[in-house]
Amino acid sequence: MYLHLGQDYIVPLQSVVAVFDMDTATASKRTARLIERLQDEGRIIELYEDLPRAGVLCENALGETLYLTSLSSQALQRRAEKAYAI
């Protein structure tokens, strides 16, 4: 099963490690350090026009990737739940 992140990006649902609400995620020092590290490594993919609403952290054999999307974390949760219901 897959999760659609917006702008024609889909990821395997089993690769999703975490979904962050970007309004609150950057308040945590650990999350801010994670985002900074992934930015330095070039492992962030931006799928938004104005501001990101959610971050989706995925892990596969090649490492971690953070997708920043304009979709809300609640919308992503609903999409993931529908994928499991199918």
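The face of helix α2 turned away from its buried side carries the exposed residues Lys-29, Arg-33, Glu-36 and Asp-40. Exposed means over 50% relative accessible area, buried under 20%, and partly exposed in between, with a 1.4 Å probe and protein chains only. Helices (H or I, at least four residues) and strands (E, at least two) are DSSP runs, numbered from the N terminus.

This is a predicted model, in which local features need pLDDT of at least 70 and side-chain atom pairs count only at pLDDT 80 or more, while totals for chains, interfaces and linings use all residues. Residues are numbered from 1 along each chain as its sequence is written, and side-chain values use heavy atoms, with hydrogens and water left out.

**Helix α2**

In α2, the buried residues are Thr-31, Leu-34, Ile-35 and Leu-38. They lie on the same side of α2 because they cover an arc of only 95 degrees around the axis; the arc is that of the directions from the helix axis to the C-beta atoms. An α-helix has 3.6 residues a turn, so residues three or four places apart point the same way.

The buried residues of α2 pack against β3 (16-21), α1 (22-25), β4 (44-47), β5 (54-60) and β6 (63-69). At the start of α2, a side-chain oxygen of Ser-28 comes to within 3.4 Å of the backbone nitrogen of Arg-30. After α2 comes Gly-42, with a positive phi near 70 degrees.

| Residue | Element | Relative accessible area |
|---|---|---|
| Ala-75 | helix α3 (residues 73-85) | 15% |
| Thr-69 | strand β6 | 1% |

The side chain of Thr-69 reaches the backbone nitrogen of Leu-71 at 3.2 Å. This is a polar contact (a pair of N or O atoms within 3.5 Å; within protein, one must be able to donate a hydrogen and the other to accept it, and residues adjacent in sequence count only if both atoms are side-chain atoms). Leaving aside neighbours within four places in sequence, Thr-69 is in contact (heavy atoms within 4.5 Å) with residues including Leu-5, Leu-47, Tyr-48 and Leu-76. The C-alpha atoms of Ala-75 and Cys-58 are separated by 17 Å, and these residues are 17 residues apart along the chain.

**Strands β1 and β2**

Strand β1 (residues 2-6) and strand β2 (residues 9-12) run antiparallel and are joined by four bridges. Two strands pair if DSSP finds at least two bridges between them. Leu-3 stands opposite Val-11 in β2. The two strands form a hairpin with two residues between them, and Gln-7 in the turn has a positive phi of about 50 degrees.
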